[in-house]
Amino acid sequence: MIKFFRRIRLSLLSQNKFSKYLIYAIGEIILVVIGILIALQINNWNESKQLKKIERKYLLELKSNLKVDLKDINHSISFTKEKMKSTQIVLEYLDGEETYQDTLQRHFGNISISLHFTPQTSAIEGIKTAEGINIIQNDSLRKSISYSYDYLYKHIMYIEKEDEHRFQYTILRPALNNNLKINHRSLEAEPIDVNNIKNNQNFRNVVSSNLWYKKFLLYQYKSQFRTVSKLVQLIEDELEEETE
């Protein structure tokens with residue numbers, strides 16, 4: 001092809017057709033530029049296609065991680081509701097006229113039990129280490145991912161490990177240890193002094209505070225579940241758009 005163009009240029013020069021040669025040369029330059037632009041466009045398209053492939057891989061991994069998290073959060077919700085119910089039953093016993101029953105041992109034992117949320121982070125860590133969060137091209141999706149991992153998850157874990165943990169070990173457990181015989185194997189407990197525990201206002205206040213903490217945690221878990229569910233839906237929508 002290059003030799004063909006060269007023969008045309010030489011033919012025009014040999015015939016002293018300089019104006020035609022000049023027009024032809026300009027046209028040839030334009031064709032070369034167009035060829036380069038097409039090549040660049042094809043290269044950009046290939047790079048974009050490759051980035052989309054990488055993004056899809058990470059989105060699938062994120063979706064998998066988040067679905068595991070949703071199961072854990074749902075468990076936290078059920079777990080917290082159960083402990084709240086036991087705490088409420090203990091409070092009703094302390095405030096009521098009913099005599100002590102052995103069935104209360106499970107509820108007394110449930111008062112101090114707590115758990116900690118541990119998110120699945122392999123996908124988000126892989127993104128941040130290898131490509132960076134900007135590999136996610138959808139702005140709203142990228143912001144939702146950053147919010148969930150950089151704020152929401154950290155917020156929940158801080159509440160569990162700092163606020164509730166501090167309450168558990170500085171207030172709740174000392175009160176339980178002073179007033180209950182705890183069977184750590186069966187996770188049940190019973191009052192050391194059945195006759196006097198109803199008159200122990202400090203113990204009742206601590207149990208009531210524990211119920212408040214459980215309600216606060218339940219609210220946080222439910223909010224977390226809604227946010228993560230929406231994020232999973234956003235990822236699924238994005239994956240569907242990429243396949244269209």
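For the classes used at the first stop, Ala, Val, Leu, Ile, Met, Phe, Trp, Tyr, Cys and Pro count as nonpolar, Asp, Glu, Lys and Arg as charged, and the others, Gly among them, as polar. Please note that this is a predicted model.

**The largest pocket.** Select G109, S112, R173, I182 and H184, which lie closest to the centre of the largest pocket among its 13 lining residues. The space in this pocket is about 210 Å³. Next, colour α3, α5 (139–179) and β1 (180–183), the elements that each give two or more residues to the lining. By class, the lining comprises seven nonpolar, five polar and one charged residues.

**The largest nonpolar core.** Now select L62, L66, F108, I145, F203, V228 and I235, the residues with the most contacts inside a core of 51 residues. Two or more residues of this core come from each of α2 (18–95), α3, α4 (122–131), α5 and α6 (201–243). Helix α2 provides the largest share, 13 residues. Then centre the view on I145 and display L62, I124, I133, I136 and L231, which I145 touches when residues up to four places away in sequence are not counted.

**Confidence.** Finally, colour the chain by pLDDT. The average is 84, and 78% of the residues score at least 70. Where is confidence lowest, and where is it highest? The lowest mean, 50, belongs to helix α1 (residues 2–14), and the highest, 94, to helix α3 (residues 104–110).

How values were computed: Residues numbered from 1 in each chain as written. Predicted model: local features only at pLDDT ≥ 70, side-chain atom pairs only at ≥ 80, totals over all residues. Heavy atoms only, no water. pLDDT = per-residue confidence, 0-100. Helix = DSSP H or I, 4+ residues; strand = E, 2+ residues; numbered from the N terminus. 1 Å grid on protein atoms, 1.4 Å probe; cavity = no way out; pocket = protein on both sides within 12 Å on 5 of 7 lines; lining within 4 Å. Points joined across faces, edges and corners; volume = space filled by probe spheres on them. Core = buried A, V, L, I, M, F, W, Y, C linked by side-chain atoms within 4.5 Å. Buried < 20%, exposed > 50% of the residue type's maximum accessible area, 1.4 Å probe, protein only. Contact = heavy atoms within 4.5 Å.
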